[in-house]
Amino acid sequence: MDPGSVHVLYEPRATRVVLTGEIDAELGPDLLEAAEDALSSGRPLQVDAHHVTFMDSTGLAFLARLASRSRGRRVTLIRPPAVVKFLIETTNIVQLLDVVDEEPRPGADTSGSAYDDGPEPA
């Protein structure tokens, strides 16, 4: 068993949430707190999922929450493993995220890099 963890890192041009291990109901309260912290930064959001070994509906709800509350900016999911890709594709949450298989350049603003939704609403 690989206990899960979530950390919020405030970088110059983005807020990064790093997920590791098993992302499940046991981590639920920490994920809620991390979502609020990350969303309150007002910066583009990145979620590094490279070291996730398992994810259940708690993790999917976390990703959907970030995407739906990110104030018009897309959330970038960085290097998700096969288990995470399968879940986000099966549940169609993939449509709410920009998924990248490489580490973004340091300081890169990845929000909207793959999609142009036009100007943000006033």
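Select strand 4 and strand 5 (residues 97-100). Four bridges join the two strands, which run parallel. Strands count as paired here if DSSP finds at least two bridges between them. Helices (H or I, at least four residues) and strands (E, at least two) are DSSP runs, numbered from the N terminus. Strands of a sheet pair through backbone hydrogen bonds, either parallel or antiparallel.

This is a predicted model: local features need pLDDT of at least 70, side-chain atom pairs count only at pLDDT 80 or more, and totals for chains, interfaces and linings use all residues. Residues are numbered from 1 along each chain as its sequence is written, and side-chain values use heavy atoms, with hydrogens and water left out.

**Stop 1**

Pick L77. Its bridge partner in strand 5 is V99. Now pick T76. In strand 5, T76 has D98 as its bridge partner. Turn to strand 3 (residues 45-55). Strand 3 and strand 4 also pair in the parallel sense, over three bridges. Here Q46 stands opposite T76.

Show the side chains of strand 4. Are its faces covered or open? Both are covered. V75 and L77 are buried on one side, T76 and I78 on the other. Buried means under 20% relative accessible area, exposed over 50%, and partly exposed in between (1.4 Å probe, protein chains only).

**Stop 1: the crossovers**

Follow the chain out of strand 3. It passes through helix 2 (residues 57-68) to reach strand 4, in a right-handed β-α-β crossover. A crossover is right-handed if, with the strands pointing away from the viewer, the path from the first strand over the helix to the second runs clockwise. Orient the view that way to check it. Then continue along the chain. Strand 4, helix 3 and strand 5 make a right-handed β-α-β unit.

**Stop 3**

Zoom out to the protein chain. Its secondary structure comes to three helices and five strands. From the N terminus on, the elements run β-β-α-β-α-β-α-β. Of the 122 residues, 43% are buried.

**Stop 2: helix 1 against helix 2**

Select helix 1 (residues 28-40) together with helix 2. Two packed helices are described by the angle between their axes and the distance between the axes. Here the axes come within 10 Å and cross at roughly 15°. Axes are lines fitted to C-alpha atoms, for helices over the stretch in contact, and angles run from 0 to 180 degrees between N-to-C directions. Helix 1 and helix 2 are therefore roughly parallel to each other. Angles under 35 degrees count as roughly parallel, over 145 as roughly antiparallel, 65 to 115 as roughly perpendicular and the rest as oblique. The crossing is right-handed. That label applies if the near helix is turned clockwise from the far one by less than a right angle, and left-handed if anticlockwise.

**Stop 3: the salt bridges**

Switch to side chains. How many salt bridges does a search of the whole structure find? Eight. A salt bridge is a side-chain nitrogen of Lys or Arg within 4 Å of a carboxyl oxygen of Asp or Glu.

Select R16. Its side chain meets D48 in a salt bridge (3.6 Å, N to O). The pair links distant parts of the chain: R16 is in strand 2 (residues 15-23) and D48 in strand 3, 32 residues apart. Both R16 and D48 are buried.

R16 has a relative accessible area of 7%, whereas E11 counts as partly exposed at 27%.

Now select E103 and R79. They form a salt bridge, the closest N and O atoms being 3.5 Å apart. E103 lies in the segment after strand 5, and R79 in the loop between strand 4 (75-78) and helix 3 (82-90), 24 residues apart. Both are partly exposed: E103 at 38%, R79 at 25%. Highlight E11, R16, D48, R79 and E103 together. They are linked in a network of salt bridges.

**Last stop: E26**

Find E26 in the loop between strand 2 and helix 1. Is E26 buried or exposed? At 66% relative accessibility, E26 counts as exposed. Its C-alpha atom is separated by 8.3 Å from that of G4, 22 residues apart along the chain.
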